[in-house]
Amino acid sequence: MKEQADWIDATLNLPCNEQDVLVWQGYFLQSHEVAYWNGTNWICSHSNDLKQVTHWMPLPEPPTP
């Protein structure tokens, strides 16, 4: 079984550009969703600029059949 990834502080390290990751918005909203960093902004399906991302982690591997 693969170990669970830890949350990564977005102020210290960012994922590779356009790599889908799980992000945590933690200042006011406190929610998570899949998004990617485009080199300037966090992008998700409903926003071209998430402002509150505090942490991120790689997505887990998909299930095997």
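Author: Let us begin with burial: of the 65 residues of the protein, 29% count as buried, where buried means under 20% relative accessible area, exposed over 50% and partly exposed in between, with a 1.4 Å probe and protein chains only. This is a predicted model, in which local features need pLDDT of at least 70 and side-chain atom pairs count only at pLDDT 80 or more, while totals for chains, interfaces and linings use all residues. Residues are numbered from 1 along each chain as its sequence is written, and side-chain values use heavy atoms, with hydrogens and water left out.

Reader: What is the average pLDDT of the protein, and where is confidence lowest and highest?

Author: The pLDDT, which is the predictor's confidence in each residue from 0 to 100, averages 87 over the protein, and 89% of the residues score at least 70. Confidence is lowest in strand β5 (residues 47-50), with a mean of 80, and highest in strand β1 (residues 8-9), at 96.

Reader: How do you know which secondary structure elements the protein has?

Author: Helices (H or I, at least four residues) and strands (E, at least two) are DSSP runs, numbered from the N terminus; on that basis the protein has zero helices and six strands, in the pattern β-β-β-β-β-β along the sequence.

Reader: What makes the six strands an open sheet, and which are its edge strands?

Author: Two strands pair if DSSP finds at least two bridges between them, and the resulting order is β1-β6-β2-β3-β4-β5, with antiparallel pairing. The edge strands are β1 and β5, each of which pairs on one side only.

Reader: How many bridges join β3 to β4, and which residues are partners?

Author: Two bridges join strand β3 (residues 31-37) to strand β4 (residues 42-44), and since pairing requires at least two, these strands therefore count as paired. Tyr36 has Ile43 as its bridge partner in β4, and Trp37 has Trp42. In the hairpin of β3 and β4, four residues lie between the strands, and Gly39 takes a positive phi near 100°.

Reader: Which residues make up the largest nonpolar core, and what makes it a core?

Author: A nonpolar core is a set of buried Ala, Val, Leu, Ile, Met, Phe, Trp, Tyr and Cys residues joined through side-chain atoms within 4.5 Å. The largest has ten residues: Ala10, Val21, Val23, Ala35, Trp37, Trp42, Cys44, Leu50, Val53 and Trp56. β2 (21-25), β3, β4 and β6 (53-58) are the elements that give two or more residues to this core.

Reader: Why is Thr54 called buried?

Author: Thr54, in strand β6, has 10% relative accessibility, which falls under the cut-off already given, and so counts as buried.
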